[in-house]
Amino acid sequence: MGDYATYLVPERCRVDAPEREKMAQRMVGWLQEKGWIEREKSDCVLGGDGNGWRFTPEGMRHIADTEDVGRLTCGFGVERYEEKGVFCNYEGGVESACCPICEEDIGEGFFEVVAAWNTDEDWTRAVCPACGEASAITDWQVEPAWGFSQIGFAFWGLNAELTEDFVDEFAAELGEPVRVVEVAL
């Protein structure tokens with residue numbers, strides 16, 4: 001069994017460094033105030049570098065309605081990118097990727113769209129190979145879901161999906177919509 005995580009990724013691609021740090025501090029503080037993650041950092045996220053916070057039993061029940069905390073990789077972490085960040089399911093690939101303008105499903109061709117977006121100076125623009133029109137990368141309908149931002153909030157090793165109520169609470173506290181991205185390595 002490989003490692004897996006659920007990311008909550010803001011719908012905004014560009015988040016400057018000071019704001020990324022404020023977001024990270026606010027969300028860690030909020031989860032700690034609620035008693036859903038421990039106060040001390042640990043090596044509970046992938047990489048084992050001591051930059052995660054282990055879930056408490058109460059947090060596990062509230063966040064994902066599970067009590068399974070037996071995995072070493074089972075905690076909350078924050079990932080930040082200086083440049084454009086992509087959050088995707090590395091094992092799952094792309095089942096479908098539909099242009100928001102022409103609605104054409106380009107499937108695996110989405111990898112080339114993302115590669116072009118990643119090198120473009122524009123932080124949102126993605127060009128559809130089917131219609132040639134540009135739209136925001138975050139407007140594409142991709143299955144399984146992908147996220148595009150300079151910050152992502154990782155929930156490692158949960159043995160259940162994040163509850164809808166928790167995702168709504170998290171987005172409200174963050175102050176902006178988030179995309180749920182499931183990742184398996």
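Nonpolar surface patches are made of residues with over 30% relative accessible area and no salt bridge, with nonpolar side chains joined within 5 Å. In this predicted model, Leu-46, Tyr-90 and Leu-185 form such a patch, and together they present about 280 Å² of accessible area. Leu-185 is located in the segment that follows strand E11 (178-184). With a relative accessibility of 36%, Leu-185 is classed as partly exposed.

In soluble globular proteins, nonpolar side chains tend to be buried together. The largest nonpolar core of the model comprises 29 residues, of which Phe-55, Ile-63, Phe-76, Phe-153, Phe-155, Phe-166 and Phe-170 touch the most other members. Two or more residues are contributed to this core by each of helix H1 (17-33), helix H2 (57-64), strand E3 (75-80), strand E10 (151-156) and helix H4 (164-174). H1 supplies the largest share, six residues.

When residues up to four places away in sequence are not counted, Phe-55 touches Trp-36, Ile-37, Met-60, Ile-63, Cys-74, Gly-75, Phe-76, Phe-155, Trp-156 and Leu-158.

Six salt bridges are found in the whole structure. In one of them, the side chains of Arg-179 and Glu-11 meet at 3.0 Å, N to O. Arg-179 belongs to strand E11, whereas Glu-11 occupies the loop between strand E1 (4-10) and H1; the pair therefore ties together parts that are 168 residues apart in sequence. Arg-179 is buried, at 15% relative accessible area, while Glu-11 is partly exposed, at 27%.

A further salt bridge joins the side chains of Arg-12 and Glu-176 at 2.7 Å, N to O. This pair links distant parts of the chain, 164 residues apart, with Arg-12 in the loop between E1 and H1 and Glu-176 in the loop between H4 and E11. Arg-12 is partly exposed, with a relative accessible area of 29%, and Glu-176 is buried, with a relative accessibility of 15%. Both residues also take part in a network of salt bridges in which Arg-12, Glu-19 and Glu-176 are linked.

The side chains of Arg-80 and Glu-21 likewise form a salt bridge, at 2.8 Å, N to O. Here strand E3, which holds Arg-80, is linked to helix H1, which holds Glu-21, across 59 residues of sequence. Arg-80 is partly exposed at 39% relative accessibility, and Glu-21 is partly exposed at 34% relative accessible area.

How values were computed:
Residues are numbered from 1 along each chain as its sequence is written. This is a predicted model: local features need pLDDT of at least 70, side-chain atom pairs count only at pLDDT 80 or more; totals for chains, interfaces and linings use all residues. Side-chain values use heavy atoms; hydrogens and water are left out. Patches are made of residues with over 30% relative accessible area and no salt bridge: like charges are joined within 9 Å, nonpolar side chains (Val, Leu, Ile, Met, Phe, Trp, Tyr) within 5 Å. Accessible areas come from the Shrake-Rupley method with a 1.4 Å probe; for residues, only the protein chains shown count as cover. A salt bridge is a side-chain nitrogen of Lys or Arg within 4 Å of a carboxyl oxygen of Asp or Glu. Helices (H or I, at least four residues) and strands (E, at least two) are DSSP runs, numbered from the N terminus. Buried means under 20% relative accessible area, exposed over 50%, partly exposed in between (1.4 Å probe, protein chains only). A nonpolar core is a set of buried Ala, Val, Leu, Ile, Met, Phe, Trp, Tyr and Cys residues joined through side-chain atoms within 4.5 Å. Contact means heavy atoms within 4.5 Å.
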